[in-house]
Amino acid sequence: MQTVAFRVGELRKRKGLTAAEVGQLMQAEGFKWDRFTVSNLEKGKRQNVSLTEWLGLAHVLDVSPLHLLVPLEDVEYNVTPETVAPAARVRAWVRGVEPLPGTDQRIFYTEVPLNEVRRREAKRELFEQLGEWGAVDVEAEKRRDPGTWENDSGEGV
């Protein structure tokens, strides 16, 4: 929560907005916010924001929600009171790119929507790993989506 409060203040100032203006922008998005809400958040007097408020703040401040939640510097970040990881690793986890230590990788990677696996090589690697785990039939995937299995010259891999 400290990161969200700090980043809101930092971004508000960078955009040249007052706390009242951020409150008005939040009101325009349907939140009952005012300058006191923004000020209390930034000063740490408001200890939490709801998930929709977090998304609303990111929207009105023109940033990814991720960059309100996790510090931009690569410092140690408390994911939970008991789990700490480097901020860069947490950002990768939030993006769905890399699991946190101790995560069941099979579950983590099988929950990635295939249309979000952008590079052919990454998609092939994902399917090969899933195939090793018995989670998918790689040969069936090669028949279903041959483009994923071609190298850059169009030849099968």
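**Helix 6 and beyond**

Guide: Helix 6 covers residues 87-95, and A87, V90, R91 and A92 are buried there. Buried means under 20% relative accessible area, exposed over 50%, and partly exposed in between, with a 1.4 Å probe and protein chains only. Helices (H or I, at least four residues) and strands (E, at least two) are DSSP runs, numbered from the N terminus. This is a predicted model, in which local features need pLDDT of at least 70 and side-chain atom pairs count only at pLDDT 80 or more, while totals for chains, interfaces and linings use all residues. Residues are numbered from 1 along each chain as its sequence is written, and side-chain values use heavy atoms, leaving out hydrogens and water.

Visitor: What covers the buried residues of helix 6?

Guide: The cover includes helix 5 (66-69), strand 1 (76-78) and strand 2 (84-86), with contact meaning heavy atoms within 4.5 Å.

Visitor: And what follows helix 6?

Guide: G96, with a positive phi near 85 degrees.

Visitor: Which residue other than glycine has a positive phi?

Guide: D62, near 65 degrees. D62 sits in the loop between helix 4 (51-60) and helix 5.

Visitor: Is D62 buried or exposed?

Guide: D62 counts as exposed because its relative accessibility is 58%.

Visitor: Switching to E42: what does it touch?

Guide: E42, in helix 3 (residues 35-43), touches A5, V8, G9 and R12, not counting residues up to four places away in sequence.

Visitor: Which side chain makes a polar contact with that of E42?

Guide: The side chain of R12, at 2.7 Å. A polar contact is a pair of N or O atoms within 3.5 Å; within protein, one must be able to donate a hydrogen and the other to accept it, and residues adjacent in sequence count only if both atoms are side-chain atoms.
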